[in-house]
Amino acid sequence: MANIELDLDDDVILVEDHDQQQQLLATKSGNTWRVLEGPINKSNQLANRTTVNTPTQALVETLRWLAEGE
């Protein structure tokens, strides 16, 4: 079983995969959501994954990211 932590807020979605030591961060900026990924505890190394228009799309991208790690 994967060791995953999920944190949902009105303008932030954070998922940490502790087994892979990776994180995905989706943040609302105006009317769009930026989805970033990278190592846990190294926010300066986050890479842009995609940009989406709704929180639902950001959550779907989060699920895709989790599926890639399996």
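Biologist: In which helix is glutamate 61 found?
Modeller: This is a predicted model, in which local features need pLDDT of at least 70 and side-chain atom pairs count only at pLDDT 80 or more, while totals for chains, interfaces and linings use all residues. Residues are numbered from 1 along each chain as its sequence is written, and side-chain values use heavy atoms, with hydrogens and water left out. Helices (H or I, at least four residues) and strands (E, at least two) are DSSP runs, numbered from the N terminus. On that basis, glutamate 61 is found in helix H1.

Biologist: Is glutamate 61 buried or exposed?
Modeller: Residues are called buried under 20% relative accessible area, exposed over 50% and partly exposed in between, with a 1.4 Å probe and protein chains only. Because its relative accessible area is 10%, glutamate 61 counts as buried.

Biologist: Which residues does glutamate 61 touch, not counting residues up to four places away in sequence?
Modeller: A contact requires heavy atoms within 4.5 Å. With residues up to four places away in sequence left out, glutamate 61 touches Val35, Arg49 and Thr50.

Biologist: Arginine 49 and glutamate 61 tie together parts that are how many residues apart in sequence?
Modeller: The two residues form a salt bridge whose closest N and O atoms are 2.5 Å apart. Arginine 49 lies in strand E5 and glutamate 61 in helix H1, so the pair connects parts whose separation in sequence is 12 residues. The term salt bridge stands for a side-chain nitrogen of Lys or Arg within 4 Å of a carboxyl oxygen of Asp or Glu. The separation asked for is 12 residues.

Biologist: In which strands do glutamate 37 and arginine 49 lie?
Modeller: Their side chains meet in a salt bridge, at 3.3 Å from N to O. The pair ties together parts 12 residues apart in sequence, because glutamate 37 and arginine 49 lie, respectively, in strands E4 and E5.

Biologist: How many bridges join E3 to E4?
Modeller: Two strands pair if DSSP finds at least two bridges between them. E2 and E3 pair in the antiparallel sense over 6 bridges, with leucine 25 of E3 as the bridge partner of leucine 14. E3 and E4 also run antiparallel, with serine 29 opposite threonine 32 in E4, and the number of bridges joining E3 to E4 is 8.

Biologist: Which residue takes a positive phi near 70 degrees in the hairpin of E3 and E4?
Modeller: In the hairpin of E2 and E3, with 4 residues between the strands, a positive phi near 55 degrees belongs to glutamine 21. The hairpin of E3 and E4 has 2 residues between the strands, and there the positive phi near 70 degrees is taken by glycine 30.
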